[in-house]
Amino acid sequence: MAPVELPVEKWTGKIKEVKLGGNGRKSMVIGGETTLPFLKFEGVLPNKPVIAVEVQDAPPKDWPQALVSAYGDALKDPGEWAKKALSFGAEIIYLRLKSAHPEEGNTGAAEAKKAVAKVLEAVDVPVIVIGPEVPEKDNEVLVAASEVGKGQRLALGNCVEKNHRTIAATCIADGHVAIAKTPIEINLAKQLNILLCDVGLAADSIIMDPTTGSLGYGLEYTYSVMERLRIAGLMGDGMPSMPMLCDVGEESWRQKESRVTTGVPETWGDPAERAINWEIITAISLLNSGANIITLRHPKTIEFLKNSIAQLTQAG
Amino acid sequence: MSRYITSSAIRGAHGVVEQAEKLYKETLKALGPDKEVAFPNTTYYLPVIYTLTGHKVQKIADLAKPLELAKSLLAPVPDEHLWVPYLGEALDAGAATLFAEEIIEGIRFAKGEQPEAKNGFKFNGPIDDVQMRAWGIQMVDGRMPGFAAVIGAAKNNEIAVKIVRELQSKGQLVFFSGTTNGISIVDQLLESGVDLGYDTFTVPFGSDTISTVYGLGYASRAAVSFGGVTPGDFRKILLYNKFRCFAFALVLGPIDDLKWATGAGAINYGFPAICDTVVPNVLPTGITKYEHVVSMPFDDIPGKDDMERAERLVQRCIEVRGIKIKVAKVKIPVAFGPAFEGEVVRRDNLRIEFGGKGGMCFELLRMKDKDEVEDGKITLVGPDIKTFDVGAKVPLAIIVDVAGRKMQEDFEPVLERQFHHFTNNAEGFQHQGQRDITWIRIHKNAVDKGFKLSDIGEIIRTCLVNDFGAIVDKVQVTLYTEPEKVKELIEKARVIYNERNVRIAGLTDDAVDTFYSCSLCQSFAPNHICVINPERVGLCGAYNWLDCRASFEIKPSGPNQPVAKGQIVDAEKGEWAGVNKFAYEHSNMAIDRFTLYSVMDAPMTTCGCCECIMVVIPEANGFMIVSRDDYGMTPSGMAFTSMMSTAGGGQQTPGMMGHGKYFLLSKRFISAEGGLKRVVWMSKNLKEELGEELKEACANIGEPDLIDKIADGTVATTVEELLPYLEEKKHPALTMDPVM
């Protein structure tokens with residue numbers, strides 16, 4: 001039998017490389033690939049996808065038991081929490097300043113500075129800081145976070161069209177990376193990158209968060225949008241060629257299927273196991289659509305994903 | 001540049017550079033070359049010198065280099081008989097002035113003479129980095145447009161306070177420096193008990209003109225810090241400020257050579273000067289975005305008193321610098337938001353209505369000169385809602401005058417059509433129609449909550465400024481309810497509507513060299529791209545060429561981009577090299593040709609939102625058209641939805657194409673295949689909807705009876721039923737050249 005010849009696509013573009021960390025902090029580079037995920041026979045994939053683990057600035061009120069028991073008392077302090085996450089295998093800490101949300105405590109710049117300082121102190125891996133996702137509040141706490149981490153090349157989000165100028169300005173001033181978030185839409189994603197570059201933020205200081213849904217409703221849509229963004233980048237369009245981040249932890253753990261313990265068919269199985277599977281499958285899917293950073297919550301998912309990424313990067 | 005100003009500026013520059021050199025030499029002797037020179041709490045050295053030249057001044061000896069540079073920038077003072085001095089020399093003199101001023105301030109710091117203290121008041125001196133960062137971010141994100149450098153002193157204390165309050169109300173940071181006849185505006189404000197300092201966004205730099213340079217040091221640092229510009233890249237620093245920092249100088253009182261020289265320095269940054277005295281105007285644009293120097297002698301400003309004159313003076317500053325001020329909220333007594341858009345006001349709840357059957361109501365937006373429009377002025381001529389009976393039908397005229405530097409007459413109908421969308425957002429307010437068929441109904445509850453007719457003006461003005469601020473600077477609204485007046489005005493409005501119709505009709509593909517794209521649908525049809533020409537509305541029916549042009553003005557990075565037609569490839573099929581290139585680049589290289597007038601050869605791609613879809617019926621030698629709201633079967637053997645799934649999703653399918661309803665009325669409607677005469681079948685509702693206009697289009701091509709010859713779902717839903725009908729009616733398509 002004649003050997004099967006693999007069809008090889010010739011891409012002309014390259015995904016931008018974005019550096020995180022540095023200045024005393026461990027640094028890493030994400031992106032840089034010249035082909036679709038894991039297709040080593042077709043192009044170069046210089047930097048493997050990385051796992052960010054979520055830490056919040058206050059003990060979470062709505063986390064299911066499966067998560068709470070995995071972290072224990074560490075949830076009470078963002079620094080301790082970050083250390084725990086590191087011990088689970090986090091390559092990046094994804095700090096969510098949730099208490100700054102108007103309905104979650106409405107804390108301000110001073111509290112944000114404290115939480116960020118604690119995490120920066122506790123771990124030496126790169127750090128992403130995410131605001132409460134209310135643009136005005138994001139501006140307040142992210143500008144504060146930016147000052148605390150000046151020069152350490154954090155990633156700051158969310159940067160949306162409404163507040164992109166502020167986040168871009170603070171990123172330029174303090175040498176950080178912006179996480180540009182758009183609602184599952186190719187053109188908006190591209191447009192926000194253009195707007196950020198217009199304000200003067202360097203193209204290698206942007207990570208896209210195309211917004212994801214979890215397994216089930218939303219996943220296919222995100223998958224396609226991400227794939228389309230990635231293909232557009234590989235085809236040579238510079239504006240959607242930024243690396244991507246997917247917030248899998250938040251999305252998968254808020255689904256009904258990850259939370260309900262009673263009143264569902266027995267075939268749904270053990271709630272904890274089900275929730276972890278849900279997180280794993282969502283994460284694996286999005287890795288295959290081009291995610292460069294995946295944020296996770298449960299230690300078992302982290303372990304599983306680390307293995308999967310290792311196997312996928314070694315194979316073929 | 002004015003000869004007078006140039007000469008003064010160059011003279012002023014010579015003076016201040018000499019002063020700096022003298023001071024430098026004295027200090028070098030007295031304090032030695034290693035004495036430290038630094039502004040407090042900054043990492044930007046002497047910021048103007050550092051950011052524009054890259055040179056770091058840390059001690060007295062370091063001042064030699066910028067001093068030499070300043071001297072090298074000085075041209076001789078223009079000869080009395082040189083009538084057109086060179087603008088560049090004035091700008092260079094300005095730069096030299098700023099260097100010299102910063103050298104002087106640096107030395108004053110070295111000698112412990114800064115920040116200045118005078119009459120027990122301690123001036124601020126330069127802004128420190130922490131404050132620069134806090135304000136800089138607000139300037140970048142638009143919360144704070146820029147700064148006003150107020151130089152000199154106002155006519156009196158009261159005016160000084162009014163000017164500052166007005167500037168603050170526009171969100172401007174206010175800097176103070178310089179004196180007029182020995183009095184500084186800082187003295188005036190202090191005497192009036194005004195708090196000055198970072199907390200109130202007011203910064204007193206110093207009492208002399210030289211301290212004005214601190215403002216430019218602030219602007220320079222903002223560009224490096226937030227614009228990512230490298231120190232020394234002076235061109236980028238200056239451009240950054242021109243386009244992003246909305247600063248200007250407001251010069252109060254007579255202007256001496258040093259003030260002119262400093263002003264020339266500020267113009268390098270794109271900051272214009274507005275003067276309240278008689279000086280030559282420098283109106284052409286160039287280095288600054290709009291005018292360079294504007295003279296507005298205070299006592300000649302129209303206004304009932306000095307307070308109003310001060311207000312107008314500040315308003316003029318805002319206009320000259322091109323500052324846009326957003327209004328946070330529509331100030332009306334009822335709720336406002338998209339949730340109320342589809343609300344219907346029924347008879348039982350009706351408080352008052354305007355227009356509709358037997359009524360008279362119209363809306364008209366007109367472009368005016370900026371001097372003819374007073375922004376925010378809303379006038380009601382005639383009685384208000386409450387004076388009318390419940391349920392009354394009352395005449396109403398809504399006349400909106402707008403002015404804007406980028407406003408064009410062609411945008412009038414585009415903006416006017418937005419009123420429907422704007423006003424429907426108000427709770428208890430129902431708006432239908434447009435032009436002179438406008439129909440408005442207002443709910444009892446809305447009026448009970450205090451809704452007045454002027455609130456309509458409030459809504460329109462706020463929304464126009466917020467959503468269309470890129471093209472509209474000023475809006476004033478006048479409403480009329482007196483029957484006689486409305487009747488008189490509606491006749492005038494009809495003349496304008498008619499003129500617009502004629503203008504639109506004259507707007508042909510050949511008359512323009514640019515088409516516009518629309519990529520809104522790429523989110524779900526990634527390879528789809530619309531190219532919209534004047535004679536063809538977008539396939540969704542929602543965007544025509546003018547809408548796209550306005551949309552591009554409003555959001556230059558948005559979904560509607562200009563498409564240069566380029567070389568014509570095929571006039572009959574409507575194929576242009578520029579369009580092909582654009583289609584290729586924006587369809588992810590999926591499509592390399594686009595014809596605008598043909599459905600058989602490289603037709604436009606179809607996304608998912610077309611109003612109609614047409615497909616070739618080879619047996620009938622023509623095309624059939626089904627509209628989205630026709631759910632029935634068609635002679636193609638497919639209903640609308642199945643046809644959509646064949647042609648939609650961004651595909652190019654020769655013989656099949658999505659299009660807008662109104663494309664049928666265009667002279668360019670599939671003209672390559674013979675136009676309307678090729679249409680053999682059409683959804684009945686489409687025939688009815690286009691009614692008279694379609695009849696007229698048929699008559700124009702010499703086929704007045706064509707509509708009757710075109711079959712619809714009532715006579716044929718299969719090809720077998722269609723053909724005999726066409727033959728019986730002697731449809732022209734049957735005798736035309738073969739379509740395939």
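Where is the place of Asn41(B) in chain B? Asn41(B) sits in the loop between helix H1 (3-31) and helix H2 (47-53) of chain B. Helices here are DSSP runs of H or I with at least four residues, strands are runs of E with at least two, and both are numbered from the N terminus.

A quick word on the ground rules. This is a predicted model, where local features need pLDDT of at least 70 and side-chain atom pairs count only at pLDDT 80 or more, while totals for chains, interfaces and linings use all residues. Residues are numbered from 1 along each chain as its sequence is written, and chains are lettered from A and ligands numbered from 1 in the order in which they are written.

Back to Asn41(B): its phi is near 50°, a positive value in a residue other than glycine. Ala602(B) also isn't a glycine, yet has a positive phi of about 45°. You'll find Ala602(B) in the loop between helix H18 (577-586) and strand S22 (612-617) of chain B. Are these two buried or exposed? A residue is buried if 20 or more other C-beta atoms lie within 10 Å of its own, exposed if 12 or fewer, and partly exposed in between, with C-beta atoms placed from the backbone. Asn41(B) counts as exposed because it has 12 C-beta neighbours inside 10 Å. Ala602(B) is buried, because 20 other C-beta atoms lie within 10 Å.

| Peptide bond | Omega | Where the second residue lies |
|---|---|---|
| Gly157(A) to Asn158(A), cis | near 0° | Asn158(A): strand S6 (residues 155-159) of chain A |
| Gln114(B) to Pro115(B), cis | near -10° | Pro115(B): loop between helix H4 (87-110) and strand S1 (117-118) of chain B |

As for chain B as a whole, it has 22 helices and 25 strands. Its C-alpha atoms fill a box of roughly 110 × 65 × 50 Å along the principal axes. Of its 740 residues, 51% are buried. Among chain B contacts (C-beta atoms, placed from the backbone, within 7 Å) with a separation of 6 or more, 73% join residues 24 or more positions apart.

Over in chain A, helix H6 (residues 186-199) has 14 residues and reaches 20 Å from first C-alpha to last, close to the 20 Å expected at 1.5 Å a residue. That expected span is 1.5 Å times one less than the number of residues. Buried residues of H6(A) include Ile186(A), Leu188(A), Leu192(A), Leu196(A) and Val199(A). The helix's buried residues pack against helix H5 (164-174), strand S7 (177-181), strand S8 (206-209) and helix H7 (219-234) of chain A. Just after H6(A), Gly200(A) takes a positive phi of about 115°.

Technical notes:
Contact = placed C-beta atoms within 7 Å.
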